[in-house]
Amino acid sequence: MSAVRRYLVAAGLVIIIISVWQRWGADTWSPLATPTKSHIQPIDKDFFWRTVTHQYPVTSFRPLPTAAVDVLPHVQAKFGPESADQKQTRLTRRDTIKRAFSRSWKAYKEHAWLRDEVKPITGKPVDTFGGWGATLVDSLDTLWIMGFREEFSLAVQAVSNNISFRTTEAETINVFETTIRFLGGLLGAYDLSGDTRLLSKAQDVGDMLYKAFDTPNHLPVTRWDIHAAGRGETQTAHGNTLLAELGSLSMEFSRLSIVTGNPKYYDAVQHISELLAASQMKTKVPGLWPIVVDAAREEFDLGSDYGLGGMSDSTYEYLPKMAALLGQKTGIYADMYLRSMETSNRHLLFRPMTPKGDDILFPGSLHASRSNNQVSTTLDPSAGHLTCFVGGMLAVGGQIMSNKTHVELADKVTKGCIWAYSSFGRGVMPETMSLTPCPSRSGCVWSDSSWHLAALSAQSASKEDDGEKLVEEQRLPPSFTKIPDARYILRPEAVESIFVMYRVTGDPAWQDAAWRMWNAIDELTHTELANTAVWNVNPKHGEEPGKADSMESFWLGETLKYLYLVFSEPELVSLDDWVFNTEAHPFRRLKK
Ligand SMILES: *[C@@H]1O[C@H](CO)[C@@H](O)[C@H](O)[C@H]1NC(C)=O
Ligand SMILES: *[C@@H]1O[C@H](CO)[C@@H](O)[C@H](O)[C@H]1NC(C)=O
């Protein structure tokens, strides 16, 4: 054998060994072992958004926290040993989720690579969030967590080489969505992998978004004309700003400051948080902020509607999560969280009347009005899929603030969503719904006539009308009085809270609940290519739910990630070391 051939054989053997190791390495490999520090890439000083002039530059920054102030209590339970049977079941379930992810990822890769989304029926690409590859960026950390290393590496390369945040075809940019999906996605994948190409891309997004804060009062324009900003036109924050779009930029901007060492991003969001803290007890419902606020005049008591659902949700979610991220058991985030939950517990959480008397809760919403200096409020016993995050928030918050009551409430709110899923023939709850409330949280006895009357009232029908006929015609399950939006759009919030409850309690019953949910969701939404949003989770007998040909990036970024984690070892992305942003991107928590 010549030296060259010997060399070739040796090289061939190495390649075979590496590829075999890679093939089954995916299952045994620990994704959190050693972050790779290769591919060091300095940031590009000439990137447009770093060179653009700021008209209202900030000249001094709040000091950036670099270490935790407190050692926070454990979030996760101590898990006992698992039997061989339990392990077998868990791994079978986990692999089913992994295959589902693979299928949807492949559809995206083949039909919509570098675009925002793939349409899961027609396979057409579509840009919905600026055209920067929302599904690609949202999926990065899921690929890493599931152990798809080759796919991860391809995806990072594509993000690094082929996605530019210089500009967009979109007319305006939603600053909140861009923050949670793109900035959050890049930071989460960077925190897990240590690949600095992701960090420099995150900094590009951060510097682009930082320009949205270039207003007289340094509050951001949340629905942002990025092109006008690029031309140097003057901009001001808006009079009507959704609470969630203002209050839930804090985690991503803070984490970006921490990993880059540049305090300006943290400073920008800390300013918002300080204003929220100062106004929290001065609103019509002290402890909560209205869904709409005036960011131009910094007037936080404009609107009359209060709640934890869509349009305000993640502002509340980020309060305990900021305390976890920064390692602060006291301070404005802890204070705001405790005050908001005190008020929510007293005024928002309600128990629905159900045939079996289930001990469950839902966060409703409040309408407040002021007359003669007296505020009166009315509870709207409605909820939506988006409010299903509340269980997870209360469980994390209760653990780090050492408040058992919060964890008990978390249990009941999460079980509320499980009950809502199981109330429908197809096993999936709708986007929004109204329920028949019990007069008190200690419960109430089921009554058909109370339900029928509540349905008439929820639909503003006359009391004389036939409530029984109404619920029958609309196929409303018991206790449901109205379904304003019957879609299911592949949202994650119910499995998200189940995942957190599982990690916080260690109780395998939560895994079973997640498994039932998964089967119902897949059955309802499965397409030849992937999974799709549906128009109606409650179709007439013999009719179809109506497939919407839409798969938002959170299906791969959140829903399938949380399901996978429910069936993984509890140390995988432990909540004692990581905290998830509202798009399920894990950020490493500061430690003392
Ligand atoms: C991505 O960027 C690389 C490097 O610039 C280039 O060779 C490749 O053609 C690009 N791919 C796509 C799909 O644009
Ligand atoms: C726990 O939270 C509840 C609800 O906000 C509150 O009423 C209670 O005082 C708290 N308990 C402790 C020990 O802080």
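Which positions does UniProt place under the feature "active site" in its unreviewed entry? The record places this feature at E177, D313, E431 and E493; such positions are given in the numbering used here, feature names are shortened, and annotations may be inferred rather than shown by experiment. This is a predicted model, in which local features need pLDDT of at least 70 and side-chain atom pairs count only at pLDDT 80 or more, while totals for chains, interfaces and linings use all residues. Residues are numbered from 1 along each chain as its sequence is written, and side-chain values use heavy atoms, with hydrogens and water left out.

**The annotated positions**

The lining of the largest pocket takes in E177, D313, E431 and E493. Here a pocket is an open set of points on a 1 Å grid over the protein atoms alone, where a 1.4 Å probe fits and protein lies on both sides within 12 Å along at least five of seven lines, and lining residues have an atom within 4 Å of a point.

E177 is found in helix α6, which covers residues 175-193; helices (H or I, at least four residues) and strands (E, at least two) are DSSP runs, numbered from the N terminus. With a relative accessible area of 16%, E177 is buried, a word that means under 20%, whereas exposed means over 50% and partly exposed lies in between (1.4 Å probe, protein chains only). When residues up to four places away in sequence are not counted, E177 touches F129 and F182, where contact means heavy atoms within 4.5 Å.

E431, for its part, lies in the loop between α15 and β13, and at 9% relative accessibility E431 counts as buried. Its contacts, leaving aside neighbours within four places in sequence, are G384, H385, D485, R487, I489 and R491.

**Aromatic rings**

A pair of aromatic rings is described by the distance of the centres and the angle of the planes. Rings of Phe, Tyr and Trp (its six-membered ring) pair if their centres lie within 6.5 Å, and planes under 30 degrees apart count as stacked, over 60 as edge-to-face and the rest as tilted. By this rule the count comes to 26 aromatic pairs, and two of them are set out here.

| Pair | Centre distance | Plane angle | Type |
|---|---|---|---|
| F362 and W419 | 6.0 Å | 65° | edge-to-face |
| W446 and W451 | 5.6 Å | 50° | tilted |

The pair of F362 and W419 links distant parts of the chain, since F362 belongs to strand β9 (residues 362-363) and W419 to helix α15 (residues 404-422), 57 residues apart. F362 is buried at a relative accessible area of 1%, and W419 is buried at 11%. In the other pair, W446 is partly exposed at 21%, whereas W451 is buried at 7%.

Elsewhere, F101, W105, Y108, W113 and F148 form one aromatic cluster. The charged end of R166 sits over the ring of F48, 3.6 Å from its centre, which requires NZ of Lys or CZ of Arg within 6 Å of the ring centre and within 35 degrees of the ring normal.

**The nonpolar core**

The largest nonpolar core has 179 residues, and those with the most contacts inside it include F362 and L560. Such a core is a set of buried Ala, Val, Leu, Ile, Met, Phe, Trp, Tyr and Cys residues joined through side-chain atoms within 4.5 Å. Helix α6 gives the most to this core, with 10 residues.

Note on methods: Chains lettered and ligands numbered in written order.
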